[in-house]
Amino acid sequence: MTKPRLLPGFLGLLAMVLVAWAYWPGLSGPALLDDSANLMPLDRLGLSEAYAVDVATGNRSGPYGRPLAMASFVLERLYLDYGLRGQKTVGLVLHLLCGGVLCLLARRLSRHIGLESDWTAVAVAALWLSQPLLLSTTLYVVQRMTLLSALFCLCAMYAYVSGRCAQHNGGYALTWFLLCFVATTLSALAKENGLLTLPLLTLLEVFFFRFQSVDPSRKQQLYGLHIAFFVVPLLAFIAVVGFRPDFLFNGYAVRDFTMLQRLASQSVVLFEYLQQLAWVDVGSLGVYHDDVLAPAGLASATVLMAVAGWAGLASIAAYAAVSGRFLMPGFAIAFFMVAHGMESTVFPLELYFEHRNYLPATGLMLGAGFASAQCSRRWTASTGIIVLGLILLLSRNILLLGSQAFVWSDDRLLHIEAVVNHPKSERAALELARVLAQDGNLQGALNLLANSRQYAARSDAEERLLQAVFHCIAKKPHPQRLLEDIRVDRDELASVRVNNAVQHLTQLSLADLCLPEDARAFADAMRVWMRTDHDPQGTPRLYGNLLLLENKLQRYEVALLYAKLLTQREPDNAMGLQFRLYLATRLDLAEEREQARAELIRLRDLGALTRQEAANLALFNAGNDASTTDFTIKDSDTL
């Protein structure tokens with residue numbers, strides 16, 4: 001009698017092994033996009049483990065830095081440092097853990113609705129784990145933030161369902177609800193998407209428990225609680241936008257689309273996500289989707305059809321919630337829409353990223369799995385067709401997952417395929433150009449750069465900066481006068497694209513990957529562009545990068561000028577003040593040194609300095625000579 005019960009569990013473990021096997025080649029793949037920028041601060045741990053708190057709380061992603069995810073990177077670096085492969089392996093382990101919790105959640109829910117089928121739970125988890133669309137989340141190192149947030153969200157949902165089941169059976173539920181609260185908090189600390197756990201819990205209540213309770217007074221409490229789960233976050237959002245409109249609207253200043261255009265684009269993009277989850281097209285997968293453009297017209301036929309489609313699906317979900325009919329399809333639709341409620345709505349994010357489907361896909365799989373199980377129970381003749389379809393779909397997913405993981409295992413292969421599949425992606429072209437330049441094929445890199453310009457509105461200044469970047473990567477001298485005779489205006493210097501190019505070239509120069517004479521020529525050109533002698537202009541980020549470069553070149557007077565310009569723009573910028581203190585000490589400028597020191601002491605007393613910044617200040621207060629002071633500051637991308 002026990003063997004049949006063990007079989008679903010055995011097959012579930014087998015599915016996890018197959019998924020791990022399919023992913024395995026991808027663990028040797030490269031870092032991508034913002035991996036380096038987000039994980040570079042981990043290098044500070046080599047100076048002192050005391051800076052661990054600084055690194056864990058100093059990330060600028062999201063409104064509050066995603067400290068739990070960064071803390072996981074810190075702990076891994078301190079105790080399990082196996083490099084990039086180790087970081088990707090942790091991502092795979094988290095993915096498998098998410099699948100395990102999803103299986104437990106599906107099992108608990110299936111028993112509550114009377115299916116009593118472990119097979120359904122295993123099928124739901126296996127199909128979700130094997131989704132090729134989720135590979136870019138698992139193997140893209142910095143998306144550990146998404147993985148952890150989803151893991152704790154699933155844990156919160158499991159705890160809530162367990163508590164409600166205990167209540168339904170007259171048992172003790174407080175411990176489960178406390179665990180639910182803790183898991184929800186951890187999910188939000190990993191990534192702000194975790195705040196969506198609250199309305200997702202409400203969907204579980206609406207579609208599975210229907211606010212039923214043996215205690216009539218508890219039913220009223222449930223209504224109040226779940227109204228709060230929806231209303232309180234909504235009111236908080238309205239209050240933030242009302243009192244701090246810049247929190248929402250300023251982000252669009254660096255985008256080439258408006259809020260309305262983004263909303264219109266997401267109505268189409270969400271259907272593309274659904275298509276990929278139902279029947280994946282590997283030719284369009286990857287992390288490079290900057291070729292997805294906002295619709296030129298908000299009233300285009302495609303947008304109108306998509307908006308009408310989502311209105312119809314939302315109506316189906318609402319009807320299911322109210323009537324109690326078609327509950328599983330209604331749940332799948334509602335879960336998918338709510339789980340996309342942060343990254344696919346009004347916030348000024350890029351238009352398309354695959355990792356946004358990581359959590360929403362769990363609700364789709366739950367709803368589809370339970371609906372299929374109910375069909376199989378009602379019409380037994382459909383059981384064979386459903387099982388055969390499941391086996392074929394799972395087999396296809398595993399094969400495609402393995403093929404994509406193999407592509408992700410090699411830097412060159414990954415970016416060649418990205419350019420082939422996304423020929424209009426500037427980001428894919430530039431990344432392949434980087435790979436070619438590293439291989440010594442400078443001309444190939446420059447050709448890609450030139451060809452990609454038709455899809456990107458690059459200025460002459462940005463174009464030349466990128467040419468300089470690829471010359472440095474290829475270890476070739478810059479062409480004569482490459483960065484000379486260029487005039488840029490204030491708006492161009494404020495652009496994200498120019499700031500990114502300057503930062504990239506600065507980092508290469510700091511790492512001695514550019515020839516010394518080329519680094520000096522770059523710094524000289526930037527002095528002209530910035531007009532440091534007359535009408536200074538530039539962003540704090542630019543000043544920070546050029547400050548680092550001039551300090552590297554030991555041109556301390558110019559570095560001090562940039563430090564002062566930086567603190568003029570941001571008076572409480574600790575990096576600028578530290579460098580003013582350091583450089584004034586080197587140049588024996590007593591008044592400047594004391595002024596910077598006083599400002600840093602003020603920030604320290606306000607608790608505004610990190611441990612690392614406070615340690616730097618303590619060295620000066622102890623009377624250390626500037627030439628021996630270990631100035632370890634934040635990398636300039638955080639400015």
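User: What makes helix 1 (residues 2-23) stand out in the nonpolar patch?

Analyst: Helix 1 gives the most to this patch, with seven residues. A helix here is a DSSP run of H or I with at least four residues, numbered from the N terminus. The model is predicted, so local features need pLDDT of at least 70 and side-chain atom pairs pLDDT 80 or more, while totals for chains, interfaces and linings use all residues. Residues are numbered from 1 along each chain, and side-chain values use heavy atoms, without hydrogens and water.

User: Which residues form the nonpolar patch on the surface?

Analyst: The patch consists of Leu 7, Phe 10, Leu 11, Leu 14, Val 17, Leu 18, Trp 21 and Trp 119, with about 790 Å² of accessible area together. Such areas come from the Shrake-Rupley method with a 1.4 Å probe, and for residues only the protein chains shown count as cover.

User: Why is Leu 11 called partly exposed?

Analyst: Buried means under 20% relative accessible area and exposed over 50%, with partly exposed in between (1.4 Å probe, protein chains only). Leu 11 has 31%, and is therefore partly exposed. Leu 11 is found in helix 1.

User: How do you know that the radius of gyration of the protein chain agrees with a compact globule?

Analyst: The radius is taken over C-alpha atoms, and the globule rule is 2.2 Å times the number of residues to the power 0.38. For 639 residues a compact globule would have a radius near 26 Å; the chain has 27 Å, so the two agree.

User: How much of the protein chain is buried?

Analyst: Buried residues make up 51% of the 639 residues. The chain has 29 helices and zero strands.

Notes: Patches are made of residues with over 30% relative accessible area and no salt bridge: like charges are joined within 9 Å, nonpolar side chains (Val, Leu, Ile, Met, Phe, Trp, Tyr) within 5 Å. A salt bridge is a side-chain nitrogen of Lys or Arg within 4 Å of a carboxyl oxygen of Asp or Glu. Helices (H or I, at least four residues) and strands (E, at least two) are DSSP runs, numbered from the N terminus.
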